[in-house]
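Morning, everyone. Please bring the structure up on the screen, and I'll walk you through it.

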Amino acid sequence: MGFLKSQIAAIRKHDPAVRSLLEILTCYPGLHSLAMHRLAHWLWRHRLLFLARFISHMNRFLTGIEIHPGARINASCFIDHGMGVVIGETAVVGPGVRIFQGVTLGGTGKERGKRHPTVEADVFIGARAIVLGPITLAQGAKIGAGAVVLDDVPPGRTAVGVRSVLVEEGRRIPRCELTELKARLEQLEATLKEKNNEC
Ligand SMILES: CC(C)(COP(=O)(O)OP(=O)(O)OC[C@H]1O[C@@H](n2cnc3c(N)ncnc32)[C@H](O)[C@@H]1OP(=O)(O)O)[C@@H](O)C(=O)NCCC(=O)NCCS
């Protein structure tokens with residue numbers, strides 16, 4: 001019953017809206033999904049792979065939370081609301097972590113082996129944050145709602161926002177290169193305008 005105790009304590013600690021034990025046991029999909037995940041993870045570790053995947057699929061069907069049976073998640077992790085959460089096979093989630101709806105702990109699609117994030121103790125991950133790759137969110141880090149995180153976050157630091165950049169042939173185009181291109185384009189436009197005026 002260590003799991004249930006940890007879940008009840010985590011929900012009481014982190015959700016100011018909670019009213020009763022009955023409510024915790026019946027109305028928290030995070031608790032239900034982690035309970036089902038424990039079974040799926042046990043089956044996975046005992047090489048009952050199909051059964052494990054099937055339980056995980058049922059878990060998704062019932063709670064809207066998709067956790068690969070291989071993921072390692074501490075019993076005191078609190079998944080709040082939960083709908084749309086996706087946690088990949090090699091993700092590791094430590095104690096006291098809070099995860100809101102829509103969070104992805106996924107792979108970038110490029111790595112093999114350990115390819116999902118490691119989330120250390122007491123990390124907070126806001127709604128719809130996308131955390132990709134075998135990176136580490138170190139102890140006590142906070143990830144803002146809607147953030148896209150592709151690099152390690154140091155202990156206690158907060159990461160917010162989405163910063164997309166152009167990529168070409170597998171590499172980022174540095175901002176200075178873009179600025180240079182913009183300047184050359186402006187110069188070209190000015191020359192063309194000049195030539196048109198001359199005609
Ligand atoms: C990131 C967060 C944890 C706050 O962290 P914090 O360290 O206290 O940050 P602050 O509130 O001091 O904000 C610092 C800066 O980040 C910005 N910021 C905060 N959250 C942000 C977010 N999610 N996306 C983009 N920018 C954000 C603030 O606007 C501020 O910038 P500014 O100084 O230019 O105005 C919080 O804003 C957040 O996103 N929480 C998620 C809550 C959630 O998912 N709730 C779901 C409930 S159903």
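One definition before anything else: a residue is buried if 20 or more other C-beta atoms lie within 10 Å of its own, exposed if 12 or fewer, and partly exposed in between, with C-beta atoms placed from the backbone. Now the ground rules. This is a predicted model, where local features need pLDDT of at least 70 and side-chain atom pairs count only at pLDDT 80 or more, while totals for chains, interfaces and linings use all residues. Residues are numbered from 1 along each chain as its sequence is written.

Start with Gly 146. Is Gly 146 buried, exposed or partly exposed? Gly 146 counts as partly exposed, because it has 14 C-beta neighbours inside 10 Å. Gly 146 sits in the loop between S12 and strand S13 (148–149). Strands here are DSSP runs of E, at least two residues, and helices are runs of H or I, at least four, numbered from the N terminus. Leave out residues up to four places away in sequence, and Gly 146 touches Arg 128, Ala 129 and Val 162. Contact means that the C-beta atoms, placed from the backbone, lie within 7 Å. Gly 156 is 10 residues from Gly 146 in sequence, and 19 Å away from C-alpha to C-alpha.

Gly 146 also belongs to the ligand shell. By class, the shell holds four nonpolar, six polar and one charged residues. Ala, Val, Leu, Ile, Met, Phe, Trp, Tyr, Cys and Pro count as nonpolar, Asp, Glu, Lys and Arg as charged, and the others, Gly among them, as polar.

Lys 142 takes us to the sheets. Lys 142, in S12, is the bridge partner of Phe 124. Strand S9 (residues 124–125) and strand S12 (residues 142–143) run parallel and are joined by two bridges. Two strands pair if DSSP finds at least two bridges between them. What is the order of the five strands in this open sheet? The order is S3-S6-S9-S12-S14, with parallel pairing. At the edges are strand S3 (78–79) and strand S14 (158–159), each pairing on one side only.

There is also an open sheet of four strands, in the order S2-S5-S8-S11, and the pairing is parallel. Its edge strands are strand S2 (72–73) and strand S11 (136–137). Strand S8 (residues 118–119) is joined to S11 by two bridges. Val 119 stands opposite Leu 137 in S11.

Next, the inside. In soluble globular proteins, nonpolar side chains tend to be buried together. A nonpolar core is a set of buried Ala, Val, Leu, Ile, Met, Phe, Trp, Tyr and Cys residues joined through C-beta atoms within 7 Å. The largest one here has 35 residues, and Cys 77, Ile 99, Ile 125, Val 131 and Ile 143 touch the most other members. Helix H1 (2–14), H3, S3, S9 and strand S10 (130–132) each give two or more residues to this core. Apart from it lies another core of five residues, including Met 36 and Ile 55.

Val 103 is in the loop between strand S6 (98–99) and strand S7 (104–106). It counts as buried because it has 27 C-beta neighbours inside 10 Å. Beyond four places in sequence, Val 103 is in contact with Val 85, Ile 125, Arg 128 and Ala 129. Val 85 is 18 residues away along the chain, yet the C-alpha atoms are separated by 4.8 Å.

That brings back Arg 128. Arg 128 lies in the loop between S9 and S10. Its phi is near 60 degrees, a positive value in a residue other than glycine. Arg 128 is partly exposed, because 17 other C-beta atoms lie within 10 Å. Arg 47 also has a positive phi, about 65 degrees, and is not a glycine. Arg 47 is in the loop between H3 and helix H4 (49–63). With 8 C-beta neighbours inside 10 Å, Arg 47 counts as exposed.

Last, the overall layout. The chain divides into domain 1 (2–164) and domain 2 (167–199), with bounds from an automatic or database domain assignment. How many Å separate the domain centres, taken over C-alpha atoms? The centres of domain 1 and domain 2 are 45 Å apart.

Technical notes
A residue is near a molecule or strand if its C-beta atom, placed from the backbone, lies within 6 Å of it. Two residues are in contact if their C-beta atoms, placed from the backbone, lie within 7 Å.
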